[in-house]
Amino acid sequence: MSGEKRALGLDVYIALAAVGWADGNLDADEADAIVRMATDEGLGLSEITEIEKATKFPVDIGEIDRRGMSKEDKLFVYAVASWMTWLDGSVTDEETAALKQLGDALKIPDKPREHADTIMREVAHQSEDIRPHRFDLGTLRRIIHERLTEAREARASVHEEG
């Protein structure tokens, strides 16, 4: 493992905005968290502008382009989206449906969705405050990476033994 972190692409942030809009309202904290995360990731000005637009005007989950996303990216997007659905303390039917639609659009099977939800809750409960400015997205991404690496290594050792 190189330890080098691959930058998340524009589509990851557009997907997060789409989920944020699922209940018809992307609140300012959610929008700020998405834009800040993209800025911290080092995305260019034109990409940041696209992301800001997606936080101001609703985006349809069906418009998400997943071709440039790795398995890790998809799980990260799903986990952050899952966190965003319960951020305000109540998960609406629209948010639940949007999260399912996102998982389907990203072609994430049920078991990995459950693992992503579990990791998200682990990270969320590390702090008393689950608001976007406090949620540790870097830790979320790192844990997803570590768990995927462990799963790959476990599969590889089973194949070697078999």
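The side chain of E41 makes a polar contact with the side chain of R141, at 3.1 Å; a polar contact here is a pair of N or O atoms within 3.5 Å, where, within protein, one must be able to donate a hydrogen and the other to accept it, and residues adjacent in sequence count only if both atoms are side-chain atoms. This is a predicted model, in which local features need pLDDT of at least 70 and side-chain atom pairs count only at pLDDT 80 or more, while totals for chains, interfaces and linings use all residues. Residues are numbered from 1 along each chain as its sequence is written, and side-chain values use heavy atoms, with hydrogens and water left out.

E41 itself lies in helix α2, residues 28-41; helices are DSSP runs of H or I with at least four residues, numbered from the N terminus. Its relative accessibility is 16%, so E41 counts as buried (under 20% relative accessible area; exposed is over 50%, partly exposed in between, with a 1.4 Å probe and protein chains only).

I turn now to the core. Which residues touch the most other members of the largest nonpolar core? They are Y13, L16, F76, L102 and L140, out of 50 residues. Such a core is a set of buried Ala, Val, Leu, Ile, Met, Phe, Trp, Tyr and Cys residues joined through side-chain atoms within 4.5 Å. Helix α4 supplies the largest share, 10 residues. Leaving aside neighbours within four places in sequence, L102 is in contact (heavy atoms within 4.5 Å) with A15, V19, I61, I64, V77, Y78 and A81.

Next, the helix pairs. Helix α4 (residues 71-86) and helix α5 (residues 93-105) pack at about 180°, with axes 10 Å apart; axes are lines fitted to C-alpha atoms, for helices over the stretch in contact, and angles run from 0 to 180 degrees between N-to-C directions. The two helices are therefore roughly antiparallel, a label for angles over 145 degrees, whereas those under 35 count as roughly parallel. From α4, V77, Y78, A81, S82, M84 and T85 meet E95, L99, L102 and G103 of α5.

By contrast, the axes of α1 and α3 come within 9 Å and cross at roughly 10°, which makes α1 roughly parallel to α3. Here L10, Y13, I14 and A17 in α1 meet E47, E50, I51, A54 and T55 in α3.

Finally, R121 is placed in helix α6 and, at 38% relative accessibility, counts as partly exposed. The C-alpha atoms of R121 and W83 are separated by 7.8 Å, although the two residues are 38 apart along the chain.

Notes. Parallel < 35°, antiparallel > 145°, perpendicular 65-115°, else oblique.
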